[in-house]
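Please look at the structure below with its ligand in view.

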Amino acid sequence: MRLTVVAFTVVLLAAVTHAQAQKSAELALTPPMGWNSWNHFGCAITEATVRETADAMVSSGMKDAGYLYVNIDDCWQLERDADGFIRPDPERFPSGMQALADYVHARELKLGLYSDAGWTTCGGRPGSRGYEFQDALSYARWGVDYLKYDWCETEGLKAEGAYQTMARALEAAGRPVVFSICEWGDNQPWEWGKAIGHLWRTTGDITACFDCEVDHGDWSSWGVLRILDMQDGLRVHAGPGHWNDPDMMEVGNGMSESEDRAHFSMWAMLAAPLIAGNDLRIMTEATRSILTNREVIAVDQDPLGIQGFRHSKDGDLEIWFKPLEDEDWAMCVLNRGTAPRRIELAWQDEDVADTFSGRQALFKARLYRIRDLWTGADLGTTRRALSAEIAGHDVLMVRLVRMLDAND
Ligand code: GLA
């Protein structure tokens with residue numbers, strides 16, 4: 001009798017553990033970095049392009065700068081076999097997904113795939129609805145490390161439940177996978193996504209313009225500033241292992257160099273996932289040097305994982321702050337307008353307090369060394385006011401490095 005009771009308790013405990021542990025807790029402790037096929041290639045993605053992209057990620061220095069995931073978005077899949085297993089498009093992925101995963105892993109990179117919670121994906125390919133456990137098993141067998149899970153053709157489904165089902169399926173398949181929730185912020189994923197996934201899209205799709213809306217009929221895609229403005233109020237939901245995702249980057253996809261720089265800087269200030277969306281094989285040196293700027297990446301990847309905030313706004317000029325480790329701060333002045341703007345920063349006039357993290361930039365009591373993260377220039381200390389001109393659609397991004405004072 002006693003034995004039965006013990007056995008029952010063990011089963012119950014296992015069930016409780018299973019219900020709670022739905023994502024790999026050790027992954028994405030800093031925002032995921034990598035590349036995704038969609039923004040540049042759309043549906044026209046092939047295994048050759050993925051291989052060449054993995055190679056380019058290594059040869060361009062992106063891997064060394066921290067980019068890890070090589071993610072294939074929509075249209076890799078074509079149909080299910082007679083037993084219901086999802087199959088890659090045999091023309092575009094003739095070697096199969098396991099061979100591709102092996103190729104990517106051999107370069108010490110990781111492979112990501114895409115599916116959808118509904119019957120079909122946004123590109124009209126088979127979705128995972130009703131096949132969640134079977135699909136998760138295929139991904140694990142192939143060696144997939146990251147899953148972006150979309151939200152097309154999901155009428156009647158409840159988002160939290162649908163994403164939870166796939167999280168359970170991934171867990172049951174036994175391979176640690178970064179789970180990227182992509183329901184465009186429609187169902188407040190920041191309220192429930194933390195227990196289920198590692199990142200969640202907060203908005204509709206990005207498009208390669210600085211400040212525009214592209215109307216597609218029943219949906220719109222958005223430029224960088226539009227997406228930035230939609231992040232308002234969300235920072236309290238982000239932290240290590242659970243990130244707001246303002247969508248993949250458009251750096252190198254047609255905006256001007258300063259716009260790309262501003263885009264990349266603001267994504268770093270937001271502690272956003274840094275998923276490049278350009279063709280890495282043919283990028284210009286200007287694009288490469290933006291994407292691999294290690295000091296800007298360090299702002300994004302700061303171990304505290306505190307999303308930055310807009311501190312003040314004066315017309316087209318915005319000042320953003322982000323608390324960093326060792327009591328450093330990142331500061332980014334964004335010029336949203338097209339005309340150059342001059343600023344004068346009298347640091348010692350005002351301390352900056354972040355009520356969410358409880359951190360303070362004590363400009364009155366402490367000194368910070370100012371490092372320009374785009375030019376690499378040493379801009380002195382916060383003892384003296386800083387005067388600078390910021391070109392249109394550009395930024396001044398600095399790291400304020402705390403200097404030890406007499407009391408330390
Ligand atoms: C949706 C997503 C995009 C992309 C496409 C693929 O629009 O939001 O990021 O994955 O589907 O069809």
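By class, the shell around the ligand holds six nonpolar, one polar and six charged residues, where Ala, Val, Leu, Ile, Met, Phe, Trp, Tyr, Cys and Pro count as nonpolar, Asp, Glu, Lys and Arg as charged, and the others, Gly among them, as polar. This is a predicted model, in which local features need pLDDT of at least 70, side-chain atom pairs count only at pLDDT 80 or more, and totals for chains, interfaces and linings use all residues. Residues are numbered from 1 along each chain as its sequence is written, and side-chain values use heavy atoms, with hydrogens and water left out.

The ligand is surrounded by 13 residues, the closest being Asp 73, Asp 74, Lys 148, Asp 150 and Asp 205, and a residue is counted if one of its heavy atoms lies within 4 Å.

| Side chain | Ligand atom | Distance |
|---|---|---|
| Asp 73 | oxygen | 2.6 Å |
| Asp 74 | oxygen | 2.8 Å |
| Lys 148 | oxygen | 2.7 Å |

Taken alone, the ligand exposes 310 Å², and the protein buries 94% of that, with areas from the Shrake-Rupley method and a 1.4 Å probe.

As for the whole protein, it contains twelve helices and 22 strands, which are DSSP runs (H or I, at least four residues, for helices; E, at least two, for strands). Along its principal axes, the C-alpha trace of the protein spans about 70 × 60 × 40 Å.

Key
Polar contact = N/O pair within 3.5 Å; in protein donor to acceptor, adjacent residues only side chain to side chain.
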